[in-house]
Structure formats: structure tokens, C-alpha cells
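Reader: Could you take me through the ligand site of this model in some detail? I'd like to hear about the pocket, the contacts and the backbone around them.

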Amino acid sequence: MLTVAVLISGTGSNLRALLDAASAPDFPARIVAVGADRQADGFEHAEEFGIPTFLVPYSRFGSREEWGAELDEQLRVWNPDLVVLSGLMRLLPAGLVEAWAPRIINTHPAYLPEFPGAHGVRDALAAGVTETGASVIVVDTGVDTGPILAQERIPVQPGDTEHTLHDRVKPVERRLLIDVVHRIATGELDLDNLAH
Ligand code: GRF
């Protein structure tokens with residue numbers, strides 16, 4: 001059974017979907033802990049499922065490196081096989097990424113390498129593209145530059161706002177994330193031997 005820790009910042013709707021999927025008896029992974037960099041609403045989902053939570057408030061540390069060191073320590077308490085960033089709105093320091101690589105993955109609301117960064121949906125709209133997408137990647141020390149594990153195109157519709165488009169992207173992100181976690185858990189996807 002693959003053990004997973006999930007890191008969030010916000011509402012945790014992707015986390016919720018993963019918790020639902022992982023609660024099926026035949027799902028080959030289980031979530032062992034949920035962490036956040038702030039008092040995230042998504043903690044409610046973890047609590048509902050009886051999953052332990054940990055909070056490492058970014059604001060309480062003098063630097064990204066010190067925050068990352070504490071986050072690393074908290075993760076090591078649970079020692080998960082995989083770390084999933086699911087709406088964590090902070091760049092991880094390189095030391096933390098290197099410590100967990102390649103067992104750390106992220107979801108992104110755009111078709112990478114298009115529109116990396118914190119505003120993937122807004123940037124796609126501003127660029128006037130007719131389609132964007134959703135991606136799941138391995139985290140590396142760049143900004144959304146790691147190997148792509150899964151991605152899917154999503155059309156932009158006339159009149160879309162950041163909100164309406166993001167609402168259509170998120171269900172795709174969830175589906176891709178659940179599938180990737182499943183494939184890692186079964187060994188179908190081997191993070192140590194990714195084809196380049
Ligand atoms: C997702 O679109 C994620 O890719 C982005 O923020 C959103 C998280 O939403 N970085 P939620 O917290 O899972 O609802």
C-alpha cells in the first residue's frame with residue numbers, strides 16, 4: 001500500500017477527491033497525513049476522514065529555507081512514500097525538493113509547459129488561447145518545470161472568467177491526480193525510471 005502525504009493551502013477540493021478515491025477498499029494508496037502552510041479550509045476534509053493534519057505556517061519562519069526544514073521534519077514523522085502538492089501556494093525550497101525527489105508531485109491548472117506559476121488559469125485567459133488544460137508533474141527545483149506525468153486539454157469557452165474556467169479545469173486535475181497516484185501505487189508508473 002502506497003502511503004501519501006498531501007500538502008494544501010486552500011479549499012482542498014482536489015484533496016477531497018483523493019480522500020474519496022483512497023477510501024475505496026481496492027484503491028492501492030492511502031493518505032496518512034495532510035499538511036498546510038496556513039490554516040487551510042481543506043483541513044476539514046482531512047478531519048472528516050480521520051486523517052492527521054499538521055500546520056507549518058510560512059509566516060512564522062524567517063526564511064523559505066527555515067520553513068522548508070520544519071515542513072521536512074513534519075513530513076518525516078509520517079515518512080510517506082509519496083508527497084502530493086495539491087494547491088500548495090508556496091514554492092518549496094530546493095533542499096526540501098531534493099530530499100523528497102522524485103517522490104513529490106504537483107497538480108497544475110494549465111497544460112504545462114504553457115502557463116507555469118501561481119496563476120495558470122488567469123494567464124491562459126489573458127493570453128487569449130482557445131484551449132488550456134491540466135497537468136500532473138514531478139516537482140523539481142524550477143517553477144512547474146518537472147517531468148509531466150499526465151495532462152489533458154480543456155477548451156476555453158467564450159465569456160469564460162478565471163472562476164468559470166478554473167471550475168472546469170479542477171475536475172480534470174482531480175481525475176488526472178487520482179489516476180497518477182493509482183499508477184504510482186501499482187508500479188505501472190515508476191518515478192525513479194521516467195522516460196524522457
Ligand atoms: C488547483 O487548481 C491547483 O492546481 C491550484 O490551486 C487549485 C487548488 O484547489 N494550484 P483546491 O484547494 O484543491 O480546491
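Author: Happy to! The ligand takes up the space of the largest pocket. A pocket here is an open set of points on a 1 Å grid over the protein atoms alone, with protein on both sides within 12 Å along at least five of seven lines, and its lining residues have an atom within 4 Å of a point. A molecule sits in a pocket if more than half of its atoms lie within 2 Å of the pocket's grid points.

Before the details, a word on the source: this is a predicted model, in which local features need pLDDT of at least 70 and side-chain atom pairs count only at pLDDT 80 or more, while totals for chains, interfaces and linings use all residues. Residues are numbered from 1 along each chain as its sequence is written, and side-chain values use heavy atoms, with hydrogens and water left out.

The largest pocket has a volume of about 860 Å³, taken as the space filled by probe spheres set on grid points that are joined across faces, edges and corners. Its lining counts 41 residues, and G87, L88, M89, T107 and A118 lie nearest the centre. Two or more lining residues come from each of α1, β5, α5 (120-127), β6 (131-138) and α6; these helices (H or I, at least four residues) and strands (E, at least two) are DSSP runs numbered from the N terminus. The largest share of the lining, 4 residues, belongs to α6. By class, the lining has 14 nonpolar, 19 polar and 8 charged residues, where Ala, Val, Leu, Ile, Met, Phe, Trp, Tyr, Cys and Pro count as nonpolar, Asp, Glu, Lys and Arg as charged, and the others, Gly among them, as polar.

Now to the ligand itself. It is surrounded by 13 residues, with T11, S13, H166, K170 and E173 the closest; a residue is near if one of its heavy atoms lies within 4 Å. This shell divides into 2 nonpolar, 9 polar and 2 charged residues. At least two shell residues come from each of α1 (13-22), β5 (104-108) and α6 (162-186), and α6 gives the largest share, 3 residues.

The side chain of T11 has an N or O atom 2.5 Å from a ligand oxygen, the side chain of H166 has one at 2.6 Å, and a polar side-chain atom of K170 lies 2.7 Å from a ligand oxygen. Of the 370 Å² of accessible area that the ligand has on its own, the protein covers 90%, by the Shrake-Rupley method with a 1.4 Å probe.

Finally, the backbone. A cis peptide bond with omega of about 10° joins L112 and P113, and P113 is in the loop between β5 and α5.

Definitions and conventions:
A polar contact is a pair of N or O atoms within 3.5 Å; within protein, one must be able to donate a hydrogen and the other to accept it, and residues adjacent in sequence count only if both atoms are side-chain atoms. On a 1 Å grid over the protein atoms alone, a cavity is a set of points where a 1.4 Å probe fits but cannot get out, and a pocket is an open set with protein on both sides within 12 Å along at least five of seven lines; lining residues have an atom within 4 Å of a point.
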